[in-house]
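Q: I would like a close look at one part of this model. Please keep to the charged side chains and how they pair.

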Amino acid sequence: MRFFVRRGIFYLVTLWAAITINFFLPRMMPGDPITALIASRQGQITPEQAESIRVLFGLDNEQSLWQQYTSYLSQILHGDLGIAFSQFPTPVITIIKDTLPWTLGLVGLSTIIAVVVGTTVGTYIGWRRGTKADIVLPITTFFSSVPYFWLGLVAILLFSVTWKIFPSSKGYQPGLVPGWNWEFISSVLYHGALPAITIVLSAVAGWILGMRNMMVTVSSEDYVTVAQAKGLSERRVMVSYAARNAVLPQISSFALALGFVVGGTLIMEMVFSYPGIGYSLFQAVSAKDYPLMQGCFLVITLSILVFNLLADIVYAFLDPRTRQEG
Amino acid sequence: MTVEPAHLTPQEMDPPNSTAGVARGKVDRASQLLFLRNGKVITGLLILAFFTLLAIIGPWVAPYDPDALGEDSVAPPSLQHWFGTANLGQDIFSQVLVGTRSVMFVGFVAGILATLIAVLVGVTAGYLGGAADEGLSLLSNVFLVLPALPLIIVIAGPLDGANSLVVAIVIAITAWAWGARVLRAQTLSHRRRDYVEAARANGESTPRIVLAEILPNLSAIIASSFVGTVTFAILTQVTLAFIGVTGLDQWSWGTVLFNAQSNQALIRGAWWWFVPAGLCIAAVGVALALVNFGIDEFVNPRLRATGKYAKALKKRGVRARVGFTPVDRHEEPSTPVVPASGTVLVTEES
Amino acid sequence: MSLDSSGMPALEARGLTKHFRLRGRNRGKAVHAVDDVDLRLDRGTVVALVGESGSGKSTIAKLLSLLIPRTAGELTLHGEPVHGRGRRAFRRHASRVQLIFQDPFASLNPIHTVRYTLTRAVRIHKGHLRSDELEGALHELLSRVQLTPPERYVDKYPHELSGGQRQRVAIARSLAADPEVLLADEPISMLDVSIRLGVLNLLKSLRDDMQIAILYITHDIASARYFADRTMVMYAGQIVENGSSEDITQSPAHPYTRLLLDSAPDPDAPQRTTRADAGEAPSLVSPASGCRFAARCPFANDLCRSETPQLLPIGDGRAARCWGYSERPDRPIVDLTVARSAAAAPTEREMTA
């Protein structure tokens, strides 16, 4: 239990750090584009909206820094992330609510596939180190050396333009009404396939490498030797003895790898115009929409922290030592 | 003289005070040369050297000014334009060539900065322990969990067209945490070992212990961390350029791709617009990964020995397994093939 | 007893105590690694400290060399109290009290040559020397530990040397300080048996030629007999017996010493069990009062289990921490005179109140 308390506190501290970074950044930047933006929307902006912008970006110079900080905190915690200027007058929080599920779905799906495939392949080639199986490594390294988006571009070129297998953009067929019907869901899956595959290809190399290195280490441990000396089948030893122990550190690195997957997903959304939070961030950058940029950053951070917490729970469940160590 | 590929435990799992017969890391000249003789490392370093050269001489060697307009719009590769042209006739080959500089610059500067910070934070935390360790670990963990790309975007986005140095610094700020964590773990492990206690008992001062005793033992990890960070920095720089965060006046491989994307290169089927830039990125990435592999194999002789002798074993019909010394049951015991550690295990009929 | 001519011990400890405080679930409790130990090292003598793993002997070495701070007790070096706070004081202490570690490979930095290791030691303790002086100093150190010709060893890396050679280099390193006291923490435990004697003889010659006071920490009581003038036996953080090596090994007073001596395999004695074999060392976490050996002692009675005995003098420079040698009416009857013979197997010593 203490383990979770410590982790929980850590995540809260991280969240606080993200919020504080968001607080200080606009106040440290040269120039003041916010005032200009407010001015350009003079007639349309309501006093409440203007006030919330001021709190977010520190335009109210009469207040001391500490007071600004506390009003900022309370506003954030109430869920008010400001108004998206590029999509005036939609509140940032609304945009995020609409786009986040798409990203989560894509990230979740891709990560699971990458983990399963990566761990399995890594187990196998780690076991058979020094043989032909090693060729897998350079191939996957190549895929992970390329930026996600380039892989996505090539994928679109090959599978969308040249061979018209998959759609090249959007989350679902434009014109379809979102709903819980098969037509919509199949369209979603169809549109999500190519981005997911691209993410998996890019991310899987890390998993393979990690698992393979762990297998290499574990294979030379005495208990594996004993298992083999006992006469157990090679597959049995590989899976039940070696892989079982090698997989544990993978899980703890899972949480960190997740950060990379999320980052990759963001780019993928930009390439595929996939309606997720990454695409919103992309649009925000192009339009220099600060409230939206910062809102996206906060929510992405929050999601990652939640995923980390889930990974911690899984790890604690699997490894009794963490539970005891309190 | 031969290097004993004696039983070494991998980096992260070194037991304190390992028993006699342990060799470690860059021990002597012969071992260092072994590192350089590794085929993977040579390939990687050559590729890197090539791109570094391009980065330096690129702008002078480019056949055209990357911004210069031309007549053929979006033309496929030809003799005058090796990589074809962009939408207004600009020569893509020159663009890629000139773009090499900012990529390599950001990559290495960010790598150096981030590694410096990582060494500073990680080694200090590992050596001092106690409250300093807790504080620094918390700092690294926070930076580790914060998503790098969104953070960089949020910092660099508002800046109008950040130049290479600023981008490098921002990337370094987000990328140091990983290396710091690894270095802290390693420093902790070394701190407990007898040779550090012996140096202390001898009256050695703390700065000297950290710098002259512990740090050289960490050199392989620092090198590996550096390579990893450079990879990350390069990928990030290209990505930032692609999104449009870095200024459009700074040529980068990512800018080329940005232009390609904005001008519907995909739909037009203008593969030459974005394939070369991507391949360059991949080439640098692969080169760095190869160097990293080489370092990895060098430090962990278990990987080194098994891989090295795998071919020889294959010829005798023996499947190589890490940590196992194969013995041929059908012959008179002559010289063993692999002097690696471990127990006798596998033989197979040839 | 003491062979020192000047009468002043080189290093003396009184009431040396070290408690490691626990964190987490066991907060508030402490591991009593060393409790109330008195120790005296005189120049030109060897004192052996014998005990099993976990008895606290290595901790004593670290306390005496100031590597870890003590919880209580006094330390005097040639009669002057030792604080060791601050780098200068520590260095001054280190220049007179040196420590040799158990694992000869782990105690030498694998990436540094012998030359570097010894040069650092010389630089620290002798200051900056001209290169030819330095070379001479290195050669002299290596010769003193019988690594000749020194040119052959000076540029080697630790992994190129055998275990015995490494240990000699470690000894050479400590000699660079010209110490008066050498704390040898199980210096031969990790060496091949055929090498051990050589290193022990080297230490002996250091004692005789340089009049160094040596604390020889070991778990092997037989080598103590060979090498040390006085022996102290340690159990669970306390000294349970001390005296001259001859006395202790020939006629042990404490039941634990007896157990140690009996544990050496003897082809003449048949299979023999004593009640002491059935026990194990007590937990050192906030130990209860009572003799710490009581659980394994064949003679223990209620007194032993309830009150902690003090170190009681038993005449002729000997002392033992056992109620059996006190004057108390409720003391146990301790009879260690049973010889290791067939008649003794399988013995059970019953206690009488």
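Which residue forms a salt bridge with Glu197(B), and how far apart are the closest N and O atoms?

A: This is a predicted model. In it, Glu197(B) forms a salt bridge with Arg200(B). The closest N and O atoms are 3.6 Å apart. Both residues sit in helix α7 of chain B, which spans residues 194–201. They are three residues apart, about one turn of the helix. Glu197(B) counts as buried, because its relative accessibility is 11% and the cut-off for buried is under 20%. Salt bridges that share partners join Glu197(B), Arg200(B) and Arg191(B) into one network.

Over all chains, the structure holds 22 salt bridges. Side chains of opposite charge can pair when their charged atoms come close.

Asp208(C) and Arg207(C) meet through their side chains in a salt bridge, at 3.1 Å from N to O. Arg207(C) is buried, with a relative accessible area of 11%. Asp208(C) is partly exposed, at 42%.

The other case is Glu246(C) with Arg225(C), where the closest N and O atoms of the salt bridge are 3.7 Å apart. This pair links distant parts of the chain, 21 residues apart. Glu246(C) belongs to helix α9 (residues 245–250) of chain C, and Arg225(C) to helix α8 (residues 221–227) of chain C. Glu246(C) counts as partly exposed at 47% relative accessibility. Arg225(C) also counts as partly exposed, at 38%.

Terms used: Residues are numbered from 1 along each chain as its sequence is written. Chains are lettered from A and ligands numbered from 1 in the order in which they are written. This is a predicted model: local features need pLDDT of at least 70, side-chain atom pairs count only at pLDDT 80 or more; totals for chains, interfaces and linings use all residues. Side-chain values use heavy atoms; hydrogens and water are left out. A salt bridge is a side-chain nitrogen of Lys or Arg within 4 Å of a carboxyl oxygen of Asp or Glu. Helices (H or I, at least four residues) and strands (E, at least two) are DSSP runs, numbered from the N terminus. Buried means under 20% relative accessible area, exposed over 50%, partly exposed in between (1.4 Å probe, protein chains only).
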